Amino acid sequence: MILQDTTSTQFVICLNLGKCLVSVEVFRSERKSMVLTLDSQGGPELKIPNSCSLKEAHRFLEKNQGWLGERLRQKFSQSTRQNKYVDCGRVGFLGKLYKLRLVDSRKLIGISDDVLFLKRPSKECSAKIQRLVVNWYRNEMESYIPGRIKRINQYFGDSIVPRSVKYRKMKSSYGNCSSSGVITLNVMLMKAGFKNIDYVIAHELCHLRCWSHDFEFYSLLKSVMPDWKVRARNLEKDF
Ligand SMILES: [Zn+2]
């Protein structure tokens, strides 16, 4: 759990909750107790009394992170953005939902209007269809993402570059950066819009310069992407 920008009456605490790095908006006000809720957009909000120390806010979030994780899971499983791995199901791609249609001809593969056509697998089960979609995401990611990484990395204004970039289906994170400078991005990010994917790219590129999620890390992130909090929050909805 990380703090940044802690001097004001409003700041953000970042929590590692399974696959998500969740940003909790914290508000100080004239109140007696702490309360953790989700706002109308599904973003976590913690209200704390003026006298509450940051340590206490930390402890409160730590104690309630199970509850928060469960609420977020419920919220997102109800989301219409969930992929449905069946013919005529819905699949997210770059922040939009497409109808998935399985076809017999390879020539038809791709997006046309609001339909994603994929080659029908030999056995039409959800696991096989999911694999098709994931492979589609990976191919798209390999063509779209390297250019975006290069462009965002230029904002840092130094000569540091990732040693390599890998694209993988990950269960519990958007991406990561190894100590040797290898960035791995979750192929499922392709469900999200580019603006929100760019946030993950910027986050991982920051790790090439700052290893831990500390004040320096978030200052750097803010300097290259001032609206990263909005993007991070929107990403949770897309994902
Ligand atoms: Zn990180």
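**Entry 1: ground rules.** I noted that residues are numbered from 1 along each chain as its sequence is written. I also noted that this is a predicted model, in which local features need pLDDT of at least 70 and side-chain atom pairs count only at pLDDT 80 or more, while totals for chains, interfaces and linings use all residues.

Entry 2: I looked up the strands, which are DSSP runs of E with at least two residues, just as helices are DSSP runs of H or I with at least four residues, numbered from the N terminus. Two strands count as paired if DSSP finds at least two bridges between them. In general, strands of a sheet pair through backbone hydrogen bonds, either parallel or antiparallel.

I found an open sheet of 4 strands in the order E6-E7-E9-E8, with mixed pairing. Its edge strands are E6 and E8 (110-112), each of which pairs on one side only. The twist averages 40° from one strand to the next; for such angles, axes are lines fitted to C-alpha atoms, for helices over the stretch in contact, and the angles run from 0 to 180 degrees between N-to-C directions.

I then followed the pairs. E6 (residues 90-93) and E7 (residues 96-103) run antiparallel and are joined by 4 bridges, with Gly-92 standing opposite Leu-97 in E7. These two strands form a hairpin with 2 residues between them, and Leu-94 in the turn has a positive phi of about 50°. E7 pairs with E9 (residues 115-119) in the parallel sense over 5 bridges, and the bridge partner of Leu-100 is Leu-116 in E9.

**Entry 3: the sheet of 3 strands.** I found another open sheet, of 3 strands in the order E10-E12-E11, again with mixed pairing. The edge strands are E10 (164-168) and E11 (175-177), and the twist averages 15° from one strand to the next. E11 and E12 (residues 182-186) pair in the antiparallel sense over 3 bridges, and Cys-177 stands opposite Ile-183 in E12.

Which helix lies across E10 and E12? I found that H2 (residues 126-154) does, running at about 150° to E10. H3 (residues 194-207) packs on the sheet as well, touching E11 and E12, and its direction makes about 20° with that of E11.

**Entry 4: two packed helices.** H3 and H5 pack at an angle of about 115°, with their axes 8 Å apart. On the H3 side I listed the contacting residues (contact means C-beta atoms, placed from the backbone, within 7 Å), including Tyr-199, Val-200 and Ala-202; on the H5 side they include Trp-228, Ala-232 and Leu-235.

**Entry 5: the cores.** A nonpolar core is a set of buried Ala, Val, Leu, Ile, Met, Phe, Trp, Tyr and Cys residues joined through C-beta atoms within 7 Å. Buried means that 20 or more other C-beta atoms lie within 10 Å of a residue's own, again placed from the backbone; exposed means 12 or fewer, and partly exposed is in between.

The largest nonpolar core has 35 residues, and those with the most contacts inside it include Tyr-137, Val-187 and Tyr-199. H3 gives the largest share of this core, 7 residues. Why does this core lie between domain 2 and domain 3? I noted that domain 2 (90-135) and domain 3 (142-238) both give residues to this core, so it lies between them; the domain bounds come from an automatic or database domain assignment. A second, separate core of 10 residues includes Ile-13, Leu-36, Leu-46 and Ala-57.

Methods: Contact = placed C-beta atoms within 7 Å.
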